[in-house]
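Here is a friendly briefing to read alongside your structure viewer. Have the chains open, and follow the helices as we go.

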Amino acid sequence: MKRNSIIRIAIISSYAIFIALSWIFSFGPGKEISHNFASFSLDMLKVLPCAFILIGLFEIWVKKETVERHFGEKSGVRGYLWGILLASTTVGGLYVAFPVAYSLYSKGAKLGVIFTYIGASAICRVPMTIFEASFLGVKFSAIRLLVAIPLVIVSSILLGDYLTKRNYKIMECK
Amino acid sequence: MVISLIVSREKTIKALRISYKRFINILPAFLIMLVLVSIVLFLVPDVVISEYLGVENKFAGILLASFLGSITLMPGFIAYPLAGILLKKGVAYMVLSAFTTTLMMVGVLTYPIEKQYFGARVTIIRNALSLLIALIIAVVTGIFFMEISL
């Protein structure tokens with residue numbers, strides 16, 4: 001992990017230096033890149049603090065047994081339905097789904113459900129789908145959802161089973 | 001959160017502590033992602049995307065679209081209006097489907113974050129599966145919109 005963090009620091013600091021130099025010498029591309037950086041950071045800042053506060057509250061208030069019952073090994077089909085339902089209310093994108101998925105996992109949700117949740121939060125968030133339908137038509141969204149959801153569930157089950165067989169464990173790197 | 005505060009002050013503070021710790025732990029990965037996003041968006045602006053998606057050959061279009069969708073990251077409120085404009089310009093539904101689906105499901109740029117939580121191998125498998133799913137969706141979309149004749 002040590003080597004990894006050195007690389008990270010190197011990337012971030014050289015990026016910062018590049019941006020700073022671009023501003024000093026008013027180098028066009030550098031300025032544009034920093035605008036992109038700023039606008040994306042702002043977008044994420046709108047979502048992330050809320051997401052992490054909710055994660056914290058979830059960790060404290062929701063009992064492990066509850067998660068296990070609804071998302072765990074014995075949850076059966078309902079586990080996948082819950083996963084999709086939860087995903088459809090997620091805001092943001094994958095970058096919000098990952099920490100949430102991690103929390104669910106640490107509370108005893110099974111892998112298949114976790115991957116269903118991640119996949120579903122990419123493709124069937126409700127506000128996003130409404131937006132999509134208004135620009136590309138209801139037919140387009142309907143086809144996409146009807147094809148995507150079964151595929152996501154099947155691939156998640158396969159991936160989950162495969163990883164369970166190999167004794168895969170998710171660990172948070174500190 | 002207000003409810004939580006009323007019910008138990010202590011637990012709420014503990015929850016916020018967890019939130020904060022989690023956030024700080026993942027922050028470096030987020031920074032890397034932001035750095036990558038800002039550079040890629042500069043290298044691949046909307047104009048380039050519109051240009052490449054409008055190619056004559058639809059299958060080349062799908063492949064290009066899924067490539068561009070995978071390497072970029074866009075919030076929905078930018079991506080869908082763009083797709084709407086492209087649709088009016090005559091870009092095929094199936095190409096747009098490949099683009100928007102990979103945009104949402106496949107994340108080359110979110111790799112640093114995903115890796116931190118799930119490890120490199122799972123991240124790669126999941127993204128490969130997602131790409132495959134996106135391609136299937138694109139083809140099915142093409143069939144329903146009569147863009148592919150069987």
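What follows covers the contact between the chains, the helix pairs and a few single residues.

This is a predicted model, in which local features need pLDDT of at least 70, side-chain atom pairs count only at pLDDT 80 or more, and totals for chains, interfaces and linings use all residues. Residues are numbered from 1 along each chain as its sequence is written, while chains are lettered from A and ligands numbered from 1 in the order in which they are written. The contact between chains A and B draws 48 residues from chain A and 56 residues from chain B; two residues are in contact if their C-beta atoms, placed from the backbone, lie within 7 Å.

**Chain A's side of the contact**

- Helices H1 (2-24), H2 (28-61), H5 (94-106), H6 (111-123), H7 (126-136) and H8 (138-165) of chain A each give two or more residues to the side that touches chain B. Helices (H or I, at least four residues) and strands (E, at least two) are DSSP runs, numbered from the N terminus.
- H2(A) supplies the largest share of that side, 16 residues.
- By class, the side of chain A that touches chain B holds 35 nonpolar, five polar and eight charged residues. Here Ala, Val, Leu, Ile, Met, Phe, Trp, Tyr, Cys and Pro count as nonpolar, Asp, Glu, Lys and Arg as charged, and the others, Gly among them, as polar.

**Helix pairs between the chains**

- Axes are lines fitted to C-alpha atoms, for helices over the stretch in contact, and angles run from 0 to 180 degrees between N-to-C directions.
- Angles under 35 degrees count as roughly parallel, over 145 as roughly antiparallel, 65 to 115 as roughly perpendicular and the rest as oblique.
- Residues in this H8(A)–H8(B) contact include A:Phe140, A:Leu151 and A:Leu163 on one helix and B:Val122, B:Ile133 and B:Phe144 on the other. By class, the contact has 16 nonpolar, two polar and two charged residues.
- H5(A) and H7(B), residues 111-118 of chain B, pack at an angle of about 5° with their axes 10 Å apart, and are therefore roughly parallel to each other.
- A:Tyr95, A:Phe98 and A:Tyr102 of H5(A) meet B:Ile113, B:Glu114 and B:Tyr117 of H7(B). This contact has five nonpolar, no polar and one charged residues.

**Within chain A**

- Chain A is divided into domain 1 (1-43) and domain 2 (62-165), with bounds from an automatic or database domain assignment. Their centres, taken over C-alpha atoms, are 33 Å apart.
- The axes of H2(A) and H5(A) come within 10 Å and cross at roughly 5°, which makes H2(A) roughly parallel to H5(A).
- Among the residues that meet are A:Val47, A:Phe52 and A:Glu59 in H2(A) and A:Val96 and A:Ser103 in H5(A).

**Two residues to look up**

- A:Arg69 sits in helix H3 (residues 64-71) of chain A. A:Arg69 counts as partly exposed because 15 C-beta neighbours lie inside 10 Å. A residue is buried if 20 or more other C-beta atoms lie within 10 Å of its own, exposed if 12 or fewer, and partly exposed in between, with C-beta atoms placed from the backbone.
- B:Gly107 lies in the loop between helix H6 (93-105) and H7 of chain B, and is buried, with 27 other C-beta atoms within 10 Å.
- Not counting residues up to four places away in sequence, B:Gly107 touches A:Leu94, B:Leu73, B:Glu114 and B:Asn127.
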